[in-house]
Amino acid sequence: MKKDIFKKLPIDSILGITLGRIKKMFHKEALLYDGSYSIGFTLLSIDPKNGSPSTSIGPVMGLKSNSLSRILNSMEAKNLIKRKPNPDDGRGILIFLTKTGLKKREITQSKVLEFNETIKNLISESDLDIFYEVSHSIYKIVNETIMFRSNNKK
């Protein structure tokens, strides 16, 4: 897609298209390792040393519990995670990475770092600074501003 076409699109479409392409790229790479974009994102969201409470993973990823549950079940079937009762909260479950999960996490992390390094090598530091500033501004607007009246209704 050419830059001039981007200028004619709504900002949310540009963000969505770009994020969609990034997810597709990572998903295609993850398939080479018997994974998926969602599994990779989950691997990176789990504390590799101490595990993570199942209730804290979904919000970090922006997922609802039923979607996260499907991903965790898939990961458990692939021997990437194990679930253990939380000793600090008898009702809770901690998610730990298995040895296989830790290896897949390392691969995932290396792919994310490779992507970031490639972007940093191909885009000037000043352009990246603008990107960070604009991204932060959009984040603040979306996060802190009530944009639509429907957001007021509960």
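Predicted model: local features only at pLDDT ≥ 70, side-chain atom pairs only at ≥ 80, totals over all residues.
## Basis

Local features need pLDDT of at least 70 and side-chain atom pairs pLDDT 80 or more, while totals for chains, interfaces and linings use all residues. Residues are numbered from 1 along each chain as its sequence is written, and side-chain values use heavy atoms, without hydrogens and water.

Helices (H or I, at least four residues) and strands (E, at least two) are DSSP runs, numbered from the N terminus.

Leaving aside residues up to four places away in sequence, Met 75 is in contact (heavy atoms within 4.5 Å) with Ile 39, Thr 42, Leu 43, Ile 46, Leu 80 and Ile 81.

## Helix H4

Ile 57, Gly 58 and Met 61 are the buried residues of H4. They lie on the same side of H4, because their arc around the axis is only 95 degrees, taken from the directions from the helix axis to the C-beta atoms. Thr 55, Pro 59 and Val 60 are exposed on the other side. Buried means under 20% relative accessible area, exposed over 50%, and partly exposed in between (1.4 Å probe, protein chains only).

The buried residues of H4 pack against H3, strand E1 (52-53), H5 and E3. Just after H4, Gly 62 has a positive phi of about 75 degrees.

## Residue Phe 148

Phe 148 is in the segment after helix H7 (125-144) and is exposed, with a relative accessible area of 53%.
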